[in-house]
Amino acid sequence: MLGNGSNINPPKRKEPEEDWMTTFADMTTLMLCFFVMLASISKVDTVLFEQVKAGVAKGIGNRNSETPVENLRQEMQEVLKSLKVEDQVGIGTDTQGVTLEMATGSFFAPGSAEFGPEAGPILGKISATLAADRYIGFQVEVQGHTDDTPIHTPQYPSNWELSAGRASAVVRYFLQAGIEPSRMKAVGLADTSPKVPNRGPNGEALVQNQEINRRVVVRIYPR
């Protein structure tokens, strides 16, 4: 029996084993490598990424995040609204940036890459916005599209030349408005990327659909 003055050493606490941390660290490293590999082989959806980043920033301390693509879309929308040409130029987004879709009937004469009288004011406002310093980091790709009606003229032996000529005409206008050549690209796609079928089930021409397919698309996305 121990006396009141005896010293009793308390039992030592057993330290918890932390071997699991090594396994957890290995797993985390492997997951990181996996996602890096996915990012390297995947095509980043710039618009979605910007929206997610802005949402996260707002959720953490109500912070603001830069949204250059959305800013450009809103500014272009205001430009088209001020010109009252929403029925001639449609605006939207794809996975990389902003798209402007121009009905060629409002910009070019049939079978021609020469601008009509309505084209100047519209292209002038668009090019002025794209030439602004705040959008100097954006690439501008102009795509020309036709319907499947064949064309055989000395200047345009096929729809390839016609679509490329119209895309080049828009790029040339932008160049004269002060947009750097290194930012731009002209692409002629002829009738290879229709939005809607050019022909019905019996091969008959769908006139309204063909009109929809005749277009110039300006794609604007961060470089």
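Among contacts in the protein between residues at least 6 apart in sequence, what percentage join residues at least 24 apart? The share is 66%. The model described here is predicted. Its secondary structure comes to 6 helices and 5 strands, and 32% of its 223 residues count as buried.

**Overall layout**

- Read from the N terminus, the elements follow the order α-α-α-β-β-α-β-α-β-α-β.
- The protein exposes about 14,500 Å², and carbon and sulfur atoms supply 57% of that area.

**The nonpolar core**

- The largest nonpolar core has 31 residues, and those with the most contacts inside it are Leu130, Val142 and Phe174.
- At least two residues of this core come from each of these elements: helix 3 (68-83), strand 2 (98-103), helix 4 (119-130), strand 3 (138-145), helix 5 (159-176) and strand 5 (215-222).
- When its neighbours within four places in sequence are left aside, Leu130 is in contact with Leu72, Met76, Tyr135, Val140, Phe174, Ile179, Arg183 and Ile220.

- Strand 3 is largely enclosed by the rest of the structure, because 8 of its 8 residues are buried.
- In a regular strand, side chains alternate between the two faces of the sheet.
- In strand 3, Phe138, Val140, Val142 and Gly144 point one way, while Gln139, Glu141, Gln143 and His145 point the other way. All of these residues are buried.
- Strand 3 and strand 5 run antiparallel and are joined by 8 bridges; within this pairing, the bridge partner of Phe138 is Pro222 in strand 5.
- Strand 3 also pairs with strand 4 (residues 184-188), here in the parallel sense and over 5 bridges. In strand 4, Ala186 stands opposite Val142, one of the residues with the most contacts inside the largest nonpolar core.

**Salt bridges**

- Side chains of opposite charge can pair when their charged atoms come close. The structure holds 8 salt bridges.
- One of them joins the side chains of Glu75 and Arg134, at 2.5 Å from N to O. Glu75 lies in helix 3 and Arg134 in the loop between helix 4 and strand 3, so this pair ties together parts that are 59 residues apart in sequence.
- Glu75 counts as partly exposed at 23% relative accessibility, whereas Arg134 counts as exposed at 54%.
- Another salt bridge is formed by the side chains of Lys185 and Glu141, at 3.7 Å from N to O. Because Lys185 lies in strand 4 and Glu141 in strand 3, the pair ties together parts that are 44 residues apart in sequence.
- Lys185 is partly exposed, with a relative accessible area of 40%, and Glu141 is buried, with a relative accessible area of 9%.
- Glu141 and Lys185 also belong to a network of salt bridges that links them with Asp94 and Arg219.
- Asp147 forms a salt bridge with Arg214, and the closest N and O atoms are 2.5 Å apart. This pair links distant parts of the chain, 67 residues apart: Asp147 is in the loop between strand 3 and helix 5, and Arg214 is in the loop between helix 6 and strand 5.
- Asp147 is buried, with a relative accessible area of 6%, whereas Arg214 is partly exposed, with a relative accessible area of 29%.

- Phe24, Met27 and Met31 make a nonpolar surface patch of about 310 Å².
- Phe24 lies in helix 1 (residues 19-41). Phe24 is partly exposed, with a relative accessible area of 46%.

**Positive phi angles in two loops**

- Most residues other than glycine have a negative phi.
- Lys84 is not a glycine, yet its phi is positive, at about 55 degrees. Lys84 lies in the loop between helix 3 and strand 1 (89-93), and at 69% relative accessibility it counts as exposed.
- Ala190, a residue other than glycine, also has a positive phi, near 50 degrees. Ala190 is found in the loop between strand 4 and helix 6 (207-213), and is buried, with a relative accessible area of 1%.

How values were computed
Residues are numbered from 1 along each chain as its sequence is written. This is a predicted model: local features need pLDDT of at least 70, side-chain atom pairs count only at pLDDT 80 or more; totals for chains, interfaces and linings use all residues. Side-chain values use heavy atoms; hydrogens and water are left out. A nonpolar core is a set of buried Ala, Val, Leu, Ile, Met, Phe, Trp, Tyr and Cys residues joined through side-chain atoms within 4.5 Å. Buried means under 20% relative accessible area, exposed over 50%, partly exposed in between (1.4 Å probe, protein chains only). Helices (H or I, at least four residues) and strands (E, at least two) are DSSP runs, numbered from the N terminus. Contact means heavy atoms within 4.5 Å. Patches are made of residues with over 30% relative accessible area and no salt bridge: like charges are joined within 9 Å, nonpolar side chains (Val, Leu, Ile, Met, Phe, Trp, Tyr) within 5 Å. Accessible areas come from the Shrake-Rupley method with a 1.4 Å probe; for residues, only the protein chains shown count as cover. A salt bridge is a side-chain nitrogen of Lys or Arg within 4 Å of a carboxyl oxygen of Asp or Glu. Two strands pair if DSSP finds at least two bridges between them.
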